[in-house]
Amino acid sequence: MAHTFNSQQDPGALEGNIPAPPRQAQRTLNVRANAPFYLTFHPHRWHLVGDEWLPQLGKLKVSTGVGAVDRSGDVTAAEVELRKRGWTVLPWDVCDGVYLREFPAKGGGRFYIERWATPKQVGGRVFWTIDTDAYHDWLRQLHEGGVIPTPDPDVLDALADIQRSRVERVQGVARRDTSQAAQQDLAAARSKLEAMDAATLEAAAGRQAKAPAKKATRKSTTTKGA
Amino acid sequence: MANEVLYSGLGNARLSSILHQELQVALTDQAHLWNHPAIRYLGDLRGRGSTAVDVPFANLGGASRMAAVAENASSSNTDVTDTKATITIARQALQRQISDLAELTDSAGLNVAALAQDMVASAAMRFTEMILDVTDGFSSTVGTTTVDLDVDDFFDAQFTLTQASVPGPYVWCPYPVQLTDLQNSLRAESGALQFMPATADMLAIKGQGYSGSLNGVDIFASSLVPTANAAADSASGMWGLGAVGYADGTTAPVTGAGGIVLPAGTKIMVEFERDAAGALTKIVGNYYVGCAILEDSRGVSVITDR
């Protein structure tokens, strides 16, 4: 093709548009679309992470027909139902930015997931990298910010009881089975129970550290009343 | 030799490829939970005045036990505690559109009839997805985050229900990875469990859906189990009868386009809509359904590595 330095455009020339990428080339994730959701907290749902108790959050899916979400996607009734059962719905921007991310899904629609999950698509397959440390930090921030209360020691005791039953079961197996694997299982189960008990003590100490102000108020009120 | 009739020379009389007579279905989860006895059906809301149904609970059936009262003492009133759960039905739909040219050239079975029939499977899978979207939310949980499920997690869940006096039948709907983790753990199990026929059965190859029964708990694997803990884990549910319920709604008998009559009681309405100008046929399926947790204490969420 001949080049020209003429600034005048040839009136017969047509200017091409930048083409939109074909459908196959669009950056969509090879996953099914899902519904957006809110994270939720329940005072009974805690789990041991390392040597501390962290909340085991649930989800309120904004999906019509699921858990009292109505025909228009209004979650008010669903939220009321959850609250009646002791749950707290956490707004998207509850702490340190919005916790939800969306991606275009294959076949249309959006795919929603927590921001700590990063997808990588290799040959049509999606691999997720989960930054669990950052997620756990965020859970700690929720607690420090007062969004999530300190766990109740009785709830933690009930959770430790489940582990205690497990230790007993594994102990029974380890008595019959002297293999190294069975003994390791027993050691791991015991070690988790010990960690749970230690974490419960720590949580109780944290609770007491926060409590004195309230207790003092109550005492003085009683004294005043008397 | 010359003038042999070769395949390579028959460009006008042979095709580069032909379509197999039978359309194959791409890999997808097709197992659904419709009619499982552990899911309570709360009726059809047609003509009931609302899209929401309140399910009342009262502490009857022996929940309040008689107490010893002296011969000459007066008894006092005992309150009946009542609660309720709400289920709201909503429209679930799927629409497809096919051109006449696509329809008339069909030789493999991808046509209007196939798309219409597929609506029922699509409704069943949506129902399953909805049920699994609520059973991850029981307030009781077992399992360890980012740690593979083992047989003890299964027992933890089962014992949680037993200790809460939850009546059967029990069902557990794990994510397929949770199921294979259980199988892996069962392989190494010693003691009484290794001799149970159900244990050996659990190790056999499993397809989709019903995967066997362990300790009387129906196991029903599904890839629709939601994630938990920033998608690091799967949150499946194990529950007994009365934990989860659903309601649905059927529309009135109507005469649709083309004189197709949809009789009363049709749960999934599949209708056709013609666009004559565009030579297109639209197939629309509608299903009105809602589900919710009825009694939280009748279920437990099993949260382990995904």
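Mentor: Two strands count as paired when DSSP finds at least two bridges between them. Keep in mind that this model is predicted.

Trainee: In which sense do strand β1 and β4(A) of chain A pair, and over how many bridges?

Mentor: Strand β1 of chain A, residues 37-41, runs antiparallel to β4(A), and 4 bridges join the pair.

Trainee: Which residues lie on each side of strand β4 of chain A, and are they buried or exposed?

Mentor: In a regular strand, side chains alternate between the two faces of the sheet. For β4 of chain A, residues 58-61, A:G58 and A:L60 are on one side and A:K59 and A:K61 on the other. These four residues are all buried, so both faces of the strand are covered.

Trainee: How is chain A divided into domains?

Mentor: Domain 1 of chain A covers 26-144 and domain 2 covers 153-214. Their C-alpha centres are 28 Å apart. Contact between them involves 7 residues of domain 1 and 9 residues of domain 2. On the domain 1 side, β2 (46-49) and β3 (52-55) of chain A each supply at least two residues. By class, that side has 4 nonpolar, 1 polar and 2 charged residues.

Trainee: Why is A:V49 called buried?

Mentor: The count of neighbours decides, and the cut-off is 20 or more other C-beta atoms within 10 Å. A:V49 has 22, so A:V49 is buried. This residue belongs to strand β2 of chain A. Leaving aside residues up to four places away in sequence, A:V49 touches A:L54, A:H136 and B:T145.

Trainee: How many residues of each chain are in contact across the two chains?

Mentor: The size of an interface is often given as the accessible area lost when the parts come together. Here we have residue counts: 38 residues of chain B are in contact with 39 residues of chain A. Several elements of chain B each supply at least two residues to that side, among them α2 (112-134), α3 (151-163) and β15 (280-293). The chain B side has 17 nonpolar, 15 polar and 6 charged residues.

Trainee: What span should α3(B) have, and what do its end C-alpha atoms give?

Mentor: The expected span is 1.5 Å times one less than the number of residues. With 13 residues, α3(B) should span 18 Å, and its end C-alpha atoms are 18 Å apart, which agrees. Buried residues of α3(B) include B:V151, B:F154, B:A157 and B:L161. After α3(B) comes B:S165, with a positive phi near 55°.

Notes:
Residues are numbered from 1 along each chain as its sequence is written. Chains are lettered from A and ligands numbered from 1 in the order in which they are written. This is a predicted model: local features need pLDDT of at least 70, side-chain atom pairs count only at pLDDT 80 or more; totals for chains, interfaces and linings use all residues. Ala, Val, Leu, Ile, Met, Phe, Trp, Tyr, Cys and Pro count as nonpolar, Asp, Glu, Lys and Arg as charged, and the others, Gly among them, as polar. A residue is buried if 20 or more other C-beta atoms lie within 10 Å of its own, exposed if 12 or fewer, and partly exposed in between; C-beta atoms are placed from the backbone. Domain bounds come from an automatic or database domain assignment.
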